[in-house]
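Student: I would like to go through a structure with you. Could we take it strand by strand and then look at some side chains?

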Amino acid sequence: MKFLIVFVALFAVALAAPADSDAQTLRSEADVGPESFNYEFETSNGIKENAAGQLKNIGSENEAISVQGSYSFVADDGQTYLVNYVADENGFQPQGAHLPVAPVA
């Protein structure tokens with residue numbers, strides 16, 4: 001049940017982004033199981049997203065979901081921005097050429 005709630009929350013975040021009212025869905029695929037999921041979609045305004053998640057340590061007190069994915073979009077400046085990420089028991093860890101990086105301690 002926890003897995004389904006997390007998946008629905010991630011999907012809701014993706015859908016909650018401001019939408020271009022003229023954008024069309026070009027491709028949308030999803031495979032959701034009780035212990036894993038993957039999905040990808042692409043829209044006519046340049047948004048692309050994909051993610052795959054796996055439930056880990058099933059049935060233990062350390063049960064967690066691990067998700068790897070990426071998304072890209074065309075910003076108002078005309079550039080396409082790409083973010084690759086991992087989301088797991090260590091939190092959301094995005095990487096992208098446009099994102100700031102913390103200095104090495």
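Tutor: What follows is a discussion of selected strands and side chains in this predicted model.

Student: Let us start with strand β1. How many of its eight residues are buried?

Tutor: The count is zero, so strand β1, residues 25-32, is hardly covered, given that buried means under 20% relative accessible area.

Student: How does β1 pair with strand β2?

Tutor: β1 and β2, the latter spanning residues 36-43, pair in the antiparallel sense over seven bridges. The two strands form a hairpin with three residues between them.

Student: Which residue in β2 stands opposite E29?

Tutor: E40 in β2 stands opposite E29.

Student: Moving on to E49. Where is it?

Tutor: E49 is in strand β3, which covers residues 48-56.

Student: Is E49 buried or exposed?

Tutor: E49 is buried, yet it has no salt bridge. The nearest side chain of opposite charge is that of R27, 11 Å away.

Student: Which side chain, then, makes a polar contact with that of E49?

Tutor: The side chain of Y39 does, in a polar contact of 2.5 Å with E49. Y39 also belongs to a cluster in which ring pairs link F37, Y39 and F41.

Student: How many aromatic pairs does the structure hold?

Tutor: The structure holds five aromatic pairs. In one of them, the rings of Y85 and F92 have their centres 5.3 Å apart and their planes at 40°, so this pair is tilted. Y85 is buried, with a relative accessible area of 9%.

Student: What about the loop between β2 and β3?

Tutor: N45 lies in that loop. N45 has a relative accessible area of 24%, so it counts as partly exposed. The side chains of N45 and T43 are joined by a polar contact of 2.4 Å.

Student: How far is the C-alpha atom of N45 from that of Q24?

Tutor: The two C-alpha atoms are separated by 7.6 Å, while N45 and Q24 are 21 residues apart along the chain.

Student: Which residues is S72 in contact with, leaving aside neighbours within four places in sequence?

Tutor: S72 is in contact with G46, I47 and K48, and also with T80, Y81 and L82.

Notes. Residues are numbered from 1 along each chain as its sequence is written. This is a predicted model: local features need pLDDT of at least 70, side-chain atom pairs count only at pLDDT 80 or more; totals for chains, interfaces and linings use all residues. Side-chain values use heavy atoms; hydrogens and water are left out. Helices (H or I, at least four residues) and strands (E, at least two) are DSSP runs, numbered from the N terminus. Buried means under 20% relative accessible area, exposed over 50%, partly exposed in between (1.4 Å probe, protein chains only). Lys and Arg count as positive and Asp and Glu as negative; His and the chain ends are not counted. A salt bridge is a side-chain nitrogen of Lys or Arg within 4 Å of a carboxyl oxygen of Asp or Glu. A polar contact is a pair of N or O atoms within 3.5 Å; within protein, one must be able to donate a hydrogen and the other to accept it, and residues adjacent in sequence count only if both atoms are side-chain atoms. Two strands pair if DSSP finds at least two bridges between them. Rings of Phe, Tyr and Trp (its six-membered ring) pair if their centres lie within 6.5 Å; planes under 30 degrees apart count as stacked, over 60 as edge-to-face and the rest as tilted. Contact means heavy atoms within 4.5 Å.
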